[in-house]
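Trainee: I would like to learn how to read a protein model, one feature after another. Could you take me through this example slowly?

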Amino acid sequence: MNPKQRIQLSRLLTRLDRLDPSESLPKPEHARPVGSAFRIGITGPLGAGKSTLINKIAREYRKLEMSVGIIAVDPSSPFTGGALLGDRVRMHDLTLDDGIFIRSLATRGASGGLTFSAIDAADLIDSFGFDRIIIETVGVGQSEVDIVGACDATVVVFEPGSGDGIQVMKAGLMEIADLFVVNKMDLKGTDRFLTELETILEMKDHDRPDVLTTSANLGDGISELMDWLEDYFKRSMNDGSLENRRAGQRIDRIKRSVELIVARKLWQVISPATLDKVVNSDMPVRKAAHQLIEQFFSGKTDR
Ligand SMILES: Nc1nc2c(ncn2[C@@H]2O[C@H](COP(=O)(O)OP(=O)(O)O)[C@@H](O)[C@H]2O)c(=O)[nH]1
Ligand SMILES: [Mg+2]
């Protein structure tokens, strides 16, 4: 990616972040159809080593002459200023590479929440011709889980000895993970954690995700992780599961877009006075909402 394209992409991403859901972003020059990049969603608790892993993965892709777009969804993101200094230093040489593009999303954006902006951002980066897109989220909240669930492969990273096992179940990470990575294998307590994870996985009734172990800062297990990712990509492309998964994601996004646009339009035509009247009535909340919606769809609005 040349400096001019880099600037163009950065500007479009900034515009995207401020876009109203009913507007569309202009198509960038020479845009490639969206969907060519393989998208990897990486989530897990803060400090598990996700950024360190992503750094290593990105480097491996560069060795294979593939370009990588990285989206970090984290209010305290290490990829921009203001965050953890150590992380920033780690990412530093990556940011000087032409084949790497890094973007942080810390705000909710205008266009209907973090999930929406993150996936739209991935589309945009994809259209600029990147081969791989990696999205990092701190995966405990619902929108973080939604984001990585909207990728082609979902990787959940844990560090042993932090009592995360229970969190896996609570946060719904079991359901979305295609792969569990147990990082920091150089630390104590890894065996116990692996046993605990196995126990949890055995209780699962649907497809069991694979488990890999790494020590990201030492570079251990990275080549196995790369093999897994590329193999997963090939496999899901060949057996049609990638296509199915993307089709389902597309339906979800279109539905969500419709909801956002309808809500936006509704508040444009229902006047504050009408809203006031309903708010100040004794009507139950749900009934009040129904009344506003009926008014909207009947077209008998006051603006
Ligand atoms: N001992 C050990 N520390 C690691 C490993 N991977 C990452 N770390 C350290 O763990 C801390 C958090 O890593 P980071 O990648 O920022 O975690 P994130 O919050 O999940 O993105 C940093 O100080 C890393 O250097 C590992 O495999 N072993
Ligand atoms: Mg991080």
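Mentor: Let us begin with burial: a residue is buried if 20 or more other C-beta atoms lie within 10 Å of its own, exposed if 12 or fewer, and partly exposed in between, with C-beta atoms placed from the backbone. Ala-118, with 26 C-beta neighbours inside 10 Å, therefore counts as buried. Please keep in mind that this is a predicted model, in which local features need pLDDT of at least 70 and side-chain atom pairs count only at pLDDT 80 or more, while totals for chains, interfaces and linings use all residues. Residues are numbered from 1 along each chain as its sequence is written, and chains are lettered from A and ligands numbered from 1 in the order in which they are written.

Trainee: In which helix is Ala-118 placed, and which residues is Ala-118 in contact with, leaving aside its neighbours within four places in sequence?

Mentor: Helices (H or I, at least four residues) and strands (E, at least two) are DSSP runs, numbered from the N terminus, and Ala-118 lies in helix H4. Two residues are in contact if their C-beta atoms, placed from the backbone, lie within 7 Å. Once the neighbours within four places in sequence are left aside, Ala-118 is in contact with Ile-71, Val-73, Leu-105, Ile-135 and Ile-147. With Ile-135, the separation is 17 residues in sequence and 8.2 Å in space, C-alpha to C-alpha.

Trainee: How many residues does the largest nonpolar core have?

Mentor: A nonpolar core is a set of buried Ala, Val, Leu, Ile, Met, Phe, Trp, Tyr and Cys residues joined through C-beta atoms within 7 Å. The largest one here has 56 residues, and Ala-118 and Ile-42 are among those with the most contacts inside it. H4 gives the most to this core, with eight residues.

Trainee: At what angle do H1 and H4 pack?

Mentor: Two packed helices are described by the angle between their axes and the distance between the axes. Axes are lines fitted to C-alpha atoms, for helices over the stretch in contact, and angles run from 0 to 180 degrees between N-to-C directions. Helix H1 (residues 3–18) and helix H4 (residues 114–127) pack at an angle of about 155 degrees, with their axes 10 Å apart. Angles under 35 degrees count as roughly parallel, over 145 as roughly antiparallel, 65 to 115 as roughly perpendicular and the rest as oblique, and H1 and H4 are therefore roughly antiparallel to each other.

Trainee: What about helix H2 (residues 50–63) and helix H9 (residues 222–238): at roughly what angle do their axes cross?

Mentor: The axes of H2 and H9 cross at roughly 70 degrees and come within 10 Å, which means that H2 is roughly perpendicular to H9. Lys-56, Ile-57 and Glu-60 of H2 make the contact with Ile-222, Leu-225 and Met-226 of H9.

Trainee: Are Glu-65 and Lys-184 buried or exposed?

Mentor: Each has a positive phi of about 60 degrees although it is not a glycine, as is the case for Glu-65 and for Lys-184. Glu-65, found in the loop between H2 and strand E2 (68–73), counts as exposed because it has 8 C-beta neighbours inside 10 Å. Lys-184, in the loop between strand E6 (179–182) and helix H8 (190–202), is buried, with 25 other C-beta atoms within 10 Å.
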